[in-house]
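Have the sequence and the structure open side by side.

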Amino acid sequence: MAAGAGSVTARLAANADAPVVRIDIPVSGMTCAACQARVQRTLVRQPGVRDAAVNLMTRTASITYDPKEASPQEFVDAIRTTGYGADLPIDRSILEEQEASDRAYAEEYRGLATKAGVTLAAGVVAMIVSMPLMAPAGHAEMPPASDPFMRWVSRSLTPIVQRALPRLYSIDPRVLSFALLAMTAAIMMWSGRTFYARAWTAFRHHAADMNTLIAVGTGAAFLFSLAATVAPSFFVTRGVAADTYYEAVIFIIALVLVGNALETRAKRQTAAALRGLANLQPQTARLERDSGDVDVPIEDVRQGDVVSVRPGERLPVDGEIMAGSSAVDESMLTGESLPVVKAVGDRVIGGTINATGAFRYRATTLGADSVLARIVRLMREAQGTRAPVQRLADRVSAVFVPIVISLAIATFAIWYVAVDTAPAVRAFAAAVAVLVIACPCAMGLAVPTAVMVATGKGAELGVLIKGGEALQRAGSLDTVVLDKTGTVTEGRPTVTDVVSYDPDRADVEILELAAAVERRSEHPLAAAIVTSADGSGSTLGAAESFESYPGRGVTGVANGIAVAAGNPRLMAEWAVDTSAASADVVRLAAESKTIVLVAADGRLAGLIAIADPIKAGSRDAVTALRRMGLDVVLLTGDSDVVARSVARAVGIERVVAGVLPEGKVAEVRRLQEERRVVAMVGDGVNDAPALAQADVGMAIGSGTDVAIEASDVTLVRGDLRGVAQAVALSRRTMRTMKQNLFWAFVYNVVGIPVAAGLLYPIAGILLSPILASVAMALSSVSVVSNSLRLRRYDPRAV
Amino acid sequence: MRPDDIAVVIAAIAAIGWVNWYFFVAGDRRADGRGSGQRDRATRS
């Protein structure tokens with residue numbers, strides 16, 4: 001015993017060290033939450049599997065396993081034994097994968113639509129053929145058809161059919177019954193085959209799903225009709241109408257197929273945004289070679305290749321501009337509506353459109369590493385995730401089907417006992433209606449479809465949301481913490497003011513002199529001065545001599561002039577009189593700007609003020625967030641004075657300044673301890689720990705540098721308005737999910753009792769199995785359509 | 001009550017019992033590896 005326990009421990013320890021591998025296996029044939037749960041349960045039970053997550057919408061099983069204990073082929077076999085299709089994944093790019101999944105959806109839709117069309121037509125024929133059987137004249141001694149829907153149809157259509165097809169009524173009813181039997185059997189074998197096959201495999205695994213309900217419902221109706229056809233006297237002698245339900249069987253199968261087809265089409269539509277992204281990738285690139293420009297397939301482009309782009313063309317790969325300049329339309333990736341000006345040294349993204357100029361650029365990231373492929377991959381992963389709100393639906397659908405079967409049996413018994421005339425027939429119709437109306441499809445679709453549409457919608461706006469959980473948390477936020485540098489502000493110190501105190505020197509010359517000495521400094525403020533000087537056309541090179549005084553400034557000789565650039569302390573050391581600048585120094589310091597005084601040959605020449613400018617959308621974004629009822633907090637490592645001046649400028653009241661990166665984590669935690677749901681918005685690099693601590697971490701990208709793996713929400717465009725859009729979209733999505741779940745539950749809660757005949761004693765309402773199948777198909781379609789409404793929602797309006 | 005009513009009610013109770021046993025009790029046992037599923041695997045291997 002002890003030895004046994006020891007070996008188990010050893011095995012567990014070995015497993016802990018073993019490297020695990022993740023594989024995504026495409027799974028086909030899953031239609032509802034119960035199907036998905038079944039495949040997932042089977043995979044989790046496989047030896048060597050550490051974790052398995054099956055995704056109904058992307059139709060993949062992500063399995064983490066120990067390659068020493070299991071192989072992908074075993075998983076494929078295991079999935080196939082559950083009755084679903086599976087294949088080993090083919091090694092292909094994420095974009096090709098998306099195309100393949102689209103093709104699979106399109107094929108499935110075509111198949112379902114054909115079957116649904118043919119079966120519906122067969123249903124109409126069956127209904128017409130069964131008219132003479134239902135007419136009281138058919139079996140005069142029997143009451144008319146017990147199915148209320150069929151009775152109504154029979155009453156309203158009989159005169160028409162009698163006039164149009166009088167010969168039909170002269171055919172022996174037994175011949176008609178056998179013809180219907182043959183037709184129904186054929187339809188069940190052809191279009192209903194998958195339901196029965198899957199229901200049977202599920203049954204063998206002690207599981208039940210939507211297929212079980214349809215198979216049991218139509219199977220029972222068929223067997224009853226078969227008996228009534230083959231041995232009608234058995235029923236008649238017992239006072240039971242030898243009614244047949246052939247047309248009901250055919251119609252139920254047809255309507256379920258129609259529902260499935262519509263659902264497949266709608267699911268395809270939910271992936272439209274993703275398809276749009278994948279389609280952005282051009283197939284060829286024009287490369288510059290010694291022999292001239294050549295068009296090559298995109299797969300043949302290598303890092304470092306020089307790509308040439310003309311106006312109006314789509315950029316084939318990511319890269320960095322080497323020559324030329326242009327405006328590039330990046331709206332498809334960033335949501336930014338205006339074209340972005342790009343010049344030498346700027347980075348460009350594959351898939352965006354060159355608007356005006358022609359330029360050449362060097363290819364940098366390719367294939368799976370490209371920005372587009374990473375966004376598509378993230379979206380595919382996100383769209384498959386489940387929101388916590390779905391757990392309720394999962395729990396219900398797991399026990400749903402056996403309970404419904406039990407209810408159907410109880411319905412049969414109660415009707416049988418309660419009804420005097422033709423009890424078996426009525427009891428039977430009600431039981432079949434209960435089976436058919438109850439389907440967990442709508443419940444299984446309620447959340448994933450909303451997640452899919454919302455993440456796609458977000459991607460169109462440059463707001464990448466990492467899945468259902470992030471969506472749900474973002475929907476319940478009440479506090480947004482904004483990092484200052486790089487989030488509210490540009491994060492790049494920029495020269496804002498230049499003042500000359502020397503009548504012989506223009507502002508530009510002040511800048512030029514300072515730049516000449518700062519050119520050799522590595523201080524961030526120096527970079528701001530040099531950039532500004534270069535931008536205003538400075539031709540003065542670096543100073544001949546240079547000395548740096550840490551914390552004070554720099555000195556040097558440029559163009560024969562002794563230049564000092566730094567703070568008042570440096571000026572004092574150099575005995576420069578700065579009294580002329582004192583008023584400006586006080587004024588600019590109050591605006592929390594950093595001041596660099598510039599002296600030339602021992603006399604004060606001018607002043608340069610540097611600040612980190614506030615981003616264009618920051619104020620609007622803060623206003624929008626506050627309008628949405630969110631508390632906005634500014635969190636920064638900068639001094640209180642600087643922080644407050646920025647906060648004032650954008651309209652934030654609550655400021656926490658002077659915190660170190662660890663302090664940011666503590667601040668977020670402190671807010672969470674106040675039972676707030678906190679979003680942290682930062683640049684994704686310096687703020688990573690705080691982003692991770694927050695309930696929702698939002699990384700703000702700068703167009704090309706998309707830190708999409710690091711956070712719950714990534715704002716591709718470096719604009720704070722994306723935060724408000726993300727929150728608005730999430731709130732709207734949560735509302736959609738809750739509506740979907742509500743309707744899916746209400747539909748079943750109301751539908752099942754009505755189908756069971758609860759309203760019959762009160763209002764005489766009885767639901768035909770055919771109407772029940774219509775209701776079931778409608779419930780799934782309405783849930784998916786409700787999710788699709790999110791596509792029209794525009795969070796930019798917040 | 002007709003005589004066959006009693007038969008139907010008894011049959012229904014039995015059927016409901018069996019459905020719940022088959023899908024919940026036997027299904028769970030199988031999921032835990034205690035049921036027929038485990039025997040199947042053992043025989044196969």
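Let's start with a helix pair. Helix 15 (residues 423-437) of chain A packs against helix 29 (residues 769-788) of chain A at an angle of about 10°, with the axes 8 Å apart. Axes here are lines fitted to C-alpha atoms, for helices over the stretch in contact, and angles run from 0 to 180 degrees between N-to-C directions. Helix 15 and helix 29 of chain A are therefore roughly parallel to each other (angles under 35 degrees count as roughly parallel). From helix 15 of chain A come A:Ala429, A:Val432, A:Ala433, A:Val436 and A:Ile437, and they meet A:Pro769, A:Ala772, A:Ser773, A:Ala775 and A:Met776 in helix 29 of chain A; contact means heavy atoms within 4.5 Å. By class, this contact has nine nonpolar residues, one polar and no charged ones.

A word on the ground rules. This is a predicted model, where local features need pLDDT of at least 70, side-chain atom pairs count only at pLDDT 80 or more, and totals for chains, interfaces and linings use all residues. Residues are numbered from 1 along each chain as its sequence is written, chains are lettered from A and ligands numbered from 1 in the order in which they are written, and side-chain values use heavy atoms, leaving out hydrogens and water.

Next, a sheet. In chain A, seven strands form an open sheet with mixed pairing, in the order 14-26-25-24-15-22-23; two strands pair if DSSP finds at least two bridges between them. Strand 14 (463-465) and strand 23 (654-656) of chain A stand at the edges with a single partner strand each, so one side of each has no neighbour in the sheet. Neighbouring strands of this sheet are turned by 20° against each other on average, direction ignored. Strand 22 (residues 631-635) of chain A runs parallel to strand 23 of chain A, and three bridges join them. A:Leu634 stands opposite A:Val655 in strand 23 of chain A.

Now for some backbone angles. Most residues other than glycine have a negative phi.

Finally, chain B has two helices and zero strands. Of its 45 residues, 27% count as buried (under 20% relative accessible area).

Technical notes:
Helices (H or I, at least four residues) and strands (E, at least two) are DSSP runs, numbered from the N terminus. Angles under 35 degrees count as roughly parallel, over 145 as roughly antiparallel, 65 to 115 as roughly perpendicular and the rest as oblique. Ala, Val, Leu, Ile, Met, Phe, Trp, Tyr, Cys and Pro count as nonpolar, Asp, Glu, Lys and Arg as charged, and the others, Gly among them, as polar. Buried means under 20% relative accessible area, exposed over 50%, partly exposed in between (1.4 Å probe, protein chains only).
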